[in-house]
Amino acid sequence: MSTRTAPMRINPGRFVVFATLAFAVCFYGIPLLWLFIAGTRSESSLLTQSPFALGDWDSFARTWTNLTTYNNFQILTWTVNSLIYVVGGVLLSLIACIPAGYALAASEFPGRRLVLIFTLIAMITPSTAVVLPIFLELNMLGLSNTYAGLILASGFFPFGVYLTYVYFSTSLPKGVMDSARVDGANRFQLFSRIALPLARPIIALVAFFSFLGIWSNYFLAFVLLSDDKLYNLPVGLTALVSGSGALSNLPSNDVPIKKPEVVLAAILVVLPVLLIFMAAQRFVRSGMLSGAEKG
Amino acid sequence: MASDVRAAASDRVRRARQKARRDTRMSYLLLAPYLILLLMFGLFPIAYAFGLSFFDTIEMVFWGFTNYQFVFDDFRVPASVVNVLAFVAIWVTLTMIGVAMLSLMLDSINRKTANTLRTIYFLPGAVTSSAIVVLWLFVLDPSVSPFQPVLHTLGWGTRADVISGIGLAGVFAIMAYFSASGGWIVVFGGALSSLPTEVMEAARIDGANRFQLATRIKLPMIWRSLVLMGILSFAGGLQLFVEPQLMGLAGPQFAQNDWSLNQMAFQYAFRMGDFGASAALSTLLVGASIVIALVIVFATKFYKID
């Protein structure tokens, strides 16, 4: 009997590999799965039922109404603000990064190496390191607590310049550039007629990374913005939690923001990035180690 | 004759020089928007904070190193140095070991499964900044946590038990690892799959098993990139702010307002209104980051300059 079925080889090494990978699936997957299920459940369901009990439409609808109408539709204001910061910041970073990356890749000029070195240093320095200095500066200029201040600061994106520089260094057709040059095209025409049409992939890549950074920017927004009408979603989320005490397990108050509402607000912060991630996973691969030598 | 030739030559030289000057001007025109931002949000703030750090910003008088003295004398600063170093040690270790191990394991199983798992590991990257903390305050609360059975098994009945059981540095490291490691696993997935197949074949023919292949061949080949990841994580970790700052969302008894160095710099500016002290501490923090960046740029060849 037992000889007929293929011998079941229990290889301890393979077992360890699959056990570890499965453990990691739980670690990364379960909190995220829980978050999206919890958005459909009521406060009492969260506290008394099993962690993965499904909610129902009624609780979700009630949670949604509580969250959106709270404080005169505050969360909608924050969502709109987030969109303003993202659109403004991404556009500004593209306007700055694409021509700059092109100029660094396609031409020789005095000071080029210096600009490249500054760009690398600015790119490797964590952006959080400069948040307080930027606040001190914008405060002096009277630009803290304004849309413009945050948009300008988030338009500075040295990583985007470096990505564009690497992209154009390898993808510009030298022959076409040279003959256009001979035909009397100046540098600007070379940029607008030859480089820009080729730039679609790099524009998408820079916009992707710039979007991620700006959408989830908490520290800079938190420091710069003191008026809650100007908050973006990540700062708004924390204002919602600290204003309602929804996470503190203290005796309940009559603020309609409870755990389910907080979960739903967190989903609002996470969902756009999640959708873009699913659509563009390969971007991360090509971007994050771009230019770094392998091995 | 000779003078004609010379005139023509010098004319050519002049024209070439003119053209070079025009080209340089055009290059700077293309760079202009970026250079303005680099000046405004890279160089100037750092220089401004550096300058400010030597002033009594309340009276606006120069007082040398007094702000630095003040920062070093604040008993909370050494404590936050210890905190941040503990966090960085745990986080960098977790990241290096976790990312290397999972990437190598994924590279040894069939491609389709590996891609699915990689996507699952990667998705928490969408949970960033304040959302990480809010999510993990739920996950670490045994009354609602999806890991409820595990937390109860470990004998933790309340969120306070869980946090003191793991330790704050560990809690922040887990939060940061949860969100940041998946992207690296995707990157190393790409790097591993592009390693030369001849080497793998040769090793396999020589009788290397999968474990030896992973530890003796693949690991050394990705080692340099792993180190770069470690250094970048170290630099980022020194700037820790959001995770400790938002612990207070769980209630006043959880608040950690002066746990990290960046929080101290924030406290000086916003709670005490002392911009000079804030600038002094920020200058030290930025300085550390820039030193690390200079080492990466000049002592390694990770990023191409030319």
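## Contacts around A:A266

Two residues are in contact if their C-beta atoms, placed from the backbone, lie within 7 Å. Leaving aside neighbours within four places in sequence, A:A266 is in contact with A:L35, A:L237, B:A131, B:V134 and B:L135.

This is a predicted model: local features need pLDDT of at least 70, side-chain atom pairs count only at pLDDT 80 or more, and totals for chains, interfaces and linings use all residues. Residues are numbered from 1 along each chain as its sequence is written, while chains are lettered from A and ligands numbered from 1 in the order in which they are written.

## Chain A

Chain A has 14 helices and zero strands. Helices (H or I, at least four residues) and strands (E, at least two) are DSSP runs, numbered from the N terminus.

The C-alpha trace of chain A spans about 75 × 75 × 30 Å along its principal axes. Why is chain A more spread out than a compact globule? Its radius of gyration, taken over C-alpha atoms, is 25 Å, well over the 19 Å that the globule rule gives for 295 residues. That rule is 2.2 Å times the number of residues to the power 0.38.

## Where the chains meet

In chain B, 93 residues are in contact with 85 residues of chain A. Helix 1 of chain B gives the most to this side, with 19 residues.

By class, the side of chain B that touches chain A has 64 nonpolar, 24 polar and five charged residues. Ala, Val, Leu, Ile, Met, Phe, Trp, Tyr, Cys and Pro count as nonpolar, Asp, Glu, Lys and Arg as charged, and the others, Gly among them, as polar.
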